[in-house]
Amino acid sequence: MNKDLLDVYGELGQEIQEILISEEALRSRVRELGRAISQDYAGRNPLMIGVLKGVLCFMADLLRAITIPVEVDFMAVSSYSPEARDQGVVRLMKDLESPLFGRHVLFVEDIIDTGLTLNYLLKTFRAREPASLEVCVLFDKPKHRLIDIPVKYRGFELPDRFVVGYGLDYRERYRNLPFVALLKPDVFLENRKG
Ligand code: IMP
């Protein structure tokens with residue numbers, strides 16, 4: 001069954017070792033998260049913030065699973081040098097358009113690994129004095145966590161493996177896959193050679 005599905009994706013499908021989370025499992029978990037957020041934030045007109053580009057599939061589906069009035073905004077960041085990245089410091093490429101002061105802010109993230117990026121961004125958001133600030137993350141890889149991040153909504157816990165699909169990329173490929181998958185090891189080796 002997976003083989004037929006991978007065949008649909010041609011050259012991308014051939015680079016996949018295993019599907020970890022199916023499209024159906026993603027859909028049903030995202031709906032549950034949407035229901036929980038709709039209940040918890042009723043009457044509070046929350047502002048959902050996402051960081052481009054990894055969050056794009058999750059944000060689009062989560063928004064449509066929410067049944068209360070909600071606003072959305074995006075920022076774009078890029079890493080500095082590897083040393084700066086080790087401290088989670090990122091360069092702001094596109095700031096938010098909405099002021100956070102006094103707002104109920106829900107930070108929506110695709111994946112947390114070390115937690116450094118998220119920790120840095122949360123600090124900058126807190127400085128803007130929102131009324132509340134919570135985190136919703138779809139994929140949690142707890143193995144390498146360096147900083148404890150309070151996560152209010154969590155989709156799936158993942159093993160310590162590099163995953164692609166549903167917005168997540170490897171060298172800008174695979175974001176369009178509707179499932180989450182592991183790549184074959186030779187995909188990484190090929191890139192190292194090139
Ligand atoms: P952290 O600062 O280590 O938590 O890094 C989180 C960021 O690393 C995410 O926002 C992703 O951009 C990237 N990342 C971490 N793990 C993966 C993965 O398995 N696939 C794709 N990107 C990942």
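The ligand sits in the largest pocket. A pocket here is an open set of points on a 1 Å grid over the protein atoms alone, where a 1.4 Å probe fits and protein lies on both sides within 12 Å along at least five of seven lines; a molecule sits in one if more than half of its atoms lie within 2 Å of its grid points. This is a predicted model, with local features needing pLDDT of at least 70 and side-chain atom pairs pLDDT 80 or more, while totals for chains, interfaces and linings use all residues. Numbering starts from 1 along each chain, and side-chain values use heavy atoms, leaving out hydrogens and water.

**View 1. The shell around the ligand.** There are 14 residues around the ligand, and D113, T114, T117, K141 and V163 come nearest (near: a heavy atom within 4 Å). β5 (104–112) and α6 (116–126) each supply at least two of the shell residues, with β5 giving the most, 4 residues.

View 2. Polar contacts are pairs of N or O atoms within 3.5 Å. T117 puts a polar side-chain atom 2.5 Å from a ligand oxygen. The K141 side chain has an N or O atom 2.8 Å from an oxygen of the ligand, and G115 brings a backbone N or O atom to 2.9 Å from a ligand oxygen.

**View 3. A127, out in a loop.** A127 lies in the loop between α6 and β6 (132–140). It counts as exposed because its relative accessibility is 60% (exposed: over 50%, with a 1.4 Å probe and protein chains only). A127 and R35 are 29 Å apart, C-alpha to C-alpha, and 92 residues apart in sequence.

Terms used. A polar contact is a pair of N or O atoms within 3.5 Å; within protein, one must be able to donate a hydrogen and the other to accept it, and residues adjacent in sequence count only if both atoms are side-chain atoms. On a 1 Å grid over the protein atoms alone, a cavity is a set of points where a 1.4 Å probe fits but cannot get out, and a pocket is an open set with protein on both sides within 12 Å along at least five of seven lines; lining residues have an atom within 4 Å of a point. Buried means under 20% relative accessible area, exposed over 50%, partly exposed in between (1.4 Å probe, protein chains only).
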